[in-house]
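Here is my note on the two-chain model, point by point. Please read it with the structure open.

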Amino acid sequence: MIDIKNLTFSYGDKKILKGISLNVENSEILGILGPNGSGKTTLINVMDGYLKKETGDILIKGKKIEKYSRKELARIMGVVPQDMIPAFDFTVYEIVAMGRYPHLGIIDTISDNDERLIFDALKKTGTYELKDKSIREISGGERQRVFIARAIAQDPDIILLDEPTSNLDIRYQIEILEIIEKMREVGKTIVMSMHDVNLAIRYCTKLALISDGKIYAIGEPDIVINEESIQNVYGIKGKIIRNGGNKIAYILPEKFNGL
Amino acid sequence: MKKIGGIKFISISVVFFVLAIIISIGIGPVHIPFFTIIKEIFYPNATGPYHIIIWELRLPRILLASLVGASLAVSGVVMQGIFRNPLSDPYVTGTASGAALGATISIIAGLTALNIYFLPFLAFLGATFTTILVAIIATYSSGPKNENMLLAGLGISIFFSAIVSYLMYMNGKDLQTVFYWLMGSFSGAQWNYVYIMLIFAVPAIIILALMGRDIDPIMIGEEHAYALGINVKKSRLLFFVLSSLITGLSVAFSGIIGFVGLIIPHIVRIITGPNNRVVIISSIFLGGGYMVIADTIARSLNIIEELPVGIITSLIGIPVFLYLLTKEKGYWR
């Protein structure tokens, strides 16, 4: 679904991505993990073309990203950027309706079919009751679900999410991740950057550990996450707790005595 | 404040617009009854007593005022939206100062006396030149283009205003003419101006109304707009050019009229919410109708001579705006 080869990107003189290669198969959830400043958000932004890559290739469904028009790309790839409070009082319904814009011609208005997809997305994310409220008067967890609803209404094959669970308390985090898991079950391919290693292990089918703009390891969570990789990437000792089978259940960071 | 639905408010604006035009036709030194106006509009009678007053004197002026009001209001919605800046107005890009320079040169060099079309022509030329200049400066400067465009426009405005002031200072005899033009008026209205607006401004307004939807995601954030299939850079430039065009035409035919372009968009947003297609379509009729009313007051008050319409637009409009602003908590963060 997504094939990335030797991707580089710099802000001015500062190299952020130093040759990233990875691929994501159909209906996978790829979690991008790494410490702050490792390039997670940049990678997401370059993957959707918002930031222009320097060198390397990004293939979406086997076709180079630059061969797509902006609108074509928006029909197959939805993006949920990092959480922020918009400056304007758009209603929740209006925000989700924007997901249909890439499908509308210049004189089109929202059709019955568009309306059905919008309501569907609102219901799937549990935001239907909020539809007439302003995006600015709902909570952070609700807002995040609204932007996910917009990506769902966009009806793409791929959804990219930039730290969808940051700044949320644990219950909202789980709610969001379950919505994302359901998306995968209906065949969507998901790529998301994440902070929380434990949640990533639990919900992602594949993990990419990024360190200093390079891929440290990529693969199934069980293979990628171990004491050594946590030590090398995050610079802390972590104890890995496994449950009954041999699956990783939890990383327990040891107390940091370095200071 | 409770929001009014888009369709409902658009309908109200259309009714307001139509009534403003018809009632204004009747007002003036010669009063014309409502139904006589309706009759004359649908069944023109060339020998009727009001024919010339309606068709030659009042209608071109009223239609020009409505088209200018609509253009400025729409231009304001677009500029505020694409720059995500509540203080943007149609003149923010320096358009007005360029037009003012063109008009001043035309008046002072005596070109206006040779041919009345010199003034709007030079004003439009000045507006276009400035707009292109601002766009070029913003493109070649580093940093966030969004702010640079505003700052470049501001800089050029101040620079050109200084030249206009200098020219006025050096040419005392034309001072009043220039000053009067700068304050804005529809007293020079004629059908040719109306036709030019119909040919160029109206299609641009229609395109802006249709494309206006793309401003919604831009107002949330560039990243969001990008994710929704909008090439932000390209579409911002297109919006910028089209709204500069209608502003340039408006300034050329009527001078610099404040308030409508800055405040009408805010009033509409407070009432309907930020959905740009709705805001643009409502602003067309609210801005147009409001300008017609303001101009009718300007030409009927007749204190010494006709008042500049810009004075009226602000004197009536600002209190309404301030009232709405107090009713609305945190409408623009």
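Which residue in β8(A) does I32(A) stand opposite? S193(A) is that residue. One caution before the points: the model is predicted.

1. **Strand β3 of chain A.** β3(A) covers residues 29-33. Five of its five residues are buried. I29(A), G31(A) and L33(A) point one way from the strand. L30(A) and I32(A) point the other way. Both sets are buried.

2. **Neighbours of β3(A).** Strand β8 of chain A, residues 189-194, runs parallel to β3(A), and five bridges join the two.

3. **The whole sheet.** These strands belong to an open sheet of six strands in chain A, ordered β6-β7-β8-β3-β9-β10. The pairing is mixed. At the edges stand β6 (77-80) and β10 (214-219) of chain A. Each has a single partner strand, so one side of each lacks a neighbour in the sheet. From one strand to the next, the twist averages 15°.

4. M77(A) has I158(A) in β7(A) as its bridge partner.

5. **Helices on the sheet.** Helix α5 of chain A, residues 140-153, lies across β6 and β7 of chain A. Its direction is at about 175° to β6(A). Helix α9 of chain A, residues 227-234, also packs on the sheet. α9(A) touches β9 (206-211) and β10 of chain A, and makes an angle of about 155° with β10(A).

6. **Chain B overall.** Here the secondary structure is 15 helices and zero strands. The radius of gyration of chain B is 20 Å; a compact globule of 333 residues would have one near 20 Å, so the two agree. Along the principal axes, the C-alpha atoms fill a box of roughly 60 × 50 × 35 Å. Buried residues make up 52% of the 333 residues in chain B. Of the contacts in chain B with a separation of 6 or more, 76% link residues 24 or more positions apart.

7. **Where the chains meet.** How many residues of chain A are in contact with chain B? There are 22, and they contact 23 residues of chain B. On the chain A side, α2 (70-76) and β6 each supply at least two residues. α2(A) gives the most, with four. By type, the chain A side divides into 15 nonpolar, two polar and five charged residues. Note that β6(A) figures both at an edge of the sheet and in the side that touches chain B.

8. **The nonpolar core.** The largest nonpolar core has 175 residues. V96(A), L64(B) and V74(B) have the most contacts inside it. Helix α3 of chain B, residues 51-82, gives the most to this core, with 16 residues.

9. **Around V74(B).** Which residues does V74(B) touch, leaving aside those up to four places away in sequence? They are I205(B), L208(B), I246(B), I280(B), S283(B) and I284(B).

Terms used. Residues are numbered from 1 along each chain as its sequence is written. Chains are lettered from A and ligands numbered from 1 in the order in which they are written. This is a predicted model: local features need pLDDT of at least 70, side-chain atom pairs count only at pLDDT 80 or more; totals for chains, interfaces and linings use all residues. Two strands pair if DSSP finds at least two bridges between them. Axes are lines fitted to C-alpha atoms, for helices over the stretch in contact, and angles run from 0 to 180 degrees between N-to-C directions. Two residues are in contact if their C-beta atoms, placed from the backbone, lie within 7 Å. The radius of gyration is taken over C-alpha atoms; the globule rule is 2.2 Å times the number of residues to the power 0.38. A residue is buried if 20 or more other C-beta atoms lie within 10 Å of its own, exposed if 12 or fewer, and partly exposed in between; C-beta atoms are placed from the backbone. Ala, Val, Leu, Ile, Met, Phe, Trp, Tyr, Cys and Pro count as nonpolar, Asp, Glu, Lys and Arg as charged, and the others, Gly among them, as polar. A nonpolar core is a set of buried Ala, Val, Leu, Ile, Met, Phe, Trp, Tyr and Cys residues joined through C-beta atoms within 7 Å.
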